[in-house]
Amino acid sequence: MRSSNGTGGAGERSEEVIVFPDREEMGREAAAAFARWASEAVRGGGRFAAALSGGATPRPLYRSLAGSPFREAIPWKGVHLFWGDERCVPPDHPDSNYRMAYETWISKVPIPLENVHRMRGKDDPKAAADEYEEQLRAFFGSAGWPAFDLILLGVGVDGHTASLFPGSSVLNQQRRWVAAPFVEKLKTHRLTLTLPVINNARRVLFLAAGEEKANIMKTILTTDPAEAPLPAQLIRPRHGRRLFFLDQFAAAWMNRKRGDDR
Ligand code: 6PG
């Protein structure tokens, strides 16, 4: 089931919410979209820059990208992978967003290792944020905000996205591309892209699944954020598209799921 408004570029809508029967189909469809966007970008401009999200929700997407037909169809030599956020742990740590993506997907496809741009989570957080910002400037240049072709995002039940948590001062960061906020509720630092970077992406794709996300998704998509916007409500690509892929459980409040109108 789709709902959308506005139109972006050539027929692409500026905002779209698509609901799937389950997270596996959501993952397969997200993989098909990733493959389409990557092929278009590499054909048109020689490269595709995507920032990955962490957590558990993207696992079905990453598994799909590691298998047929996407493993064979995607022009991996032109694909560059970055992260939207990372935990401050080594790359082989169970909590590492890099480790989950690497084990589930990246290690299984012929992407050149120099195209995989990891956040150095085990380093001092501030130094790691500075280092990652240098990596981004080396790739995108410094003429303006970096323009990712795609930024994948998840949503926490508190409305956080990437590692932008409610009440964090990083939400006001308008100069840095990468920050290392201390997350009070987690009692730890995180590395994260900042809002101006995320809002400069050509496409932002939120993935949310499970009934535990239904309330927060309803709030994000149906309440006016004017008073106290949640971090996920601050994601408003200036020129790009904002897409939501939900499974029927995270979209329960919409009382319909994809396939009802078949
Ligand atoms: C992280 C993420 C974070 C995540 C949400 C949802 O590093 O944890 O980037 O923003 O996307 O917390 O996590 P789940 O997909 O596990 O529900």
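Biologist: Which residues come nearest to the ligand?

Modeller: The model is a predicted one. In it, 14 residues lie around the ligand, and T57, D85, R87, A162 and K213 come nearest.

Biologist: Which backbone atoms approach the ligand?

Modeller: Among them is a polar backbone atom of A56, 2.8 Å from a ligand oxygen atom. A backbone N or O atom of A162 lies 2.7 Å from an oxygen atom of the ligand. As for cover, the ligand taken alone exposes 420 Å², and the protein buries 85% of that.

Biologist: What kinds of residue make up the shell around the ligand?

Modeller: The shell divides into three nonpolar, seven polar and four charged residues.

Biologist: Why are β5 and β9 called paired strands?

Modeller: Pairing needs at least two bridges. Three bridges join β5 (residues 85-87) to β9 (residues 188-193), so the two strands pair. They run antiparallel, and E86 stands opposite L191 in β9.

Biologist: How do you know that β7 pairs with β9?

Modeller: There are two bridges between β7 (residues 178-179) and β9, and at least two are required, so they pair. The sense is antiparallel. V178 has L193 in β9 as its bridge partner.

Biologist: What lies between β8 and β9?

Modeller: Four residues lie between them, and the two strands form a hairpin. In the turn, K187 has a positive phi of about 55°. β8 (residues 182-183) pairs with β9 over two bridges in the antiparallel sense, and the partner of F182 in β9 is H189.

Biologist: Why is V17 called buried?

Modeller: The relative accessible area of V17 is 6%. Buried means under 20%, so V17 is buried. V17 is found in strand β2 (residues 15-20).

Biologist: How many residues separate V17 from N172 in sequence?

Modeller: They are 155 residues apart in sequence, and 27 Å apart in space, C-alpha to C-alpha.

Definitions and conventions: Residues numbered from 1 in each chain as written. Predicted model: local features only at pLDDT ≥ 70, side-chain atom pairs only at ≥ 80, totals over all residues. Heavy atoms only, no water. Near = heavy atom within 4 Å. Polar contact = N/O pair within 3.5 Å; in protein donor to acceptor, adjacent residues only side chain to side chain. Areas by Shrake-Rupley, 256 points an atom, 1.4 Å probe, with all protein chains shown as cover. Nonpolar A, V, L, I, M, F, W, Y, C, P; charged D, E, K, R; others polar. Buried < 20%, exposed > 50% of the residue type's maximum accessible area, 1.4 Å probe, protein only.
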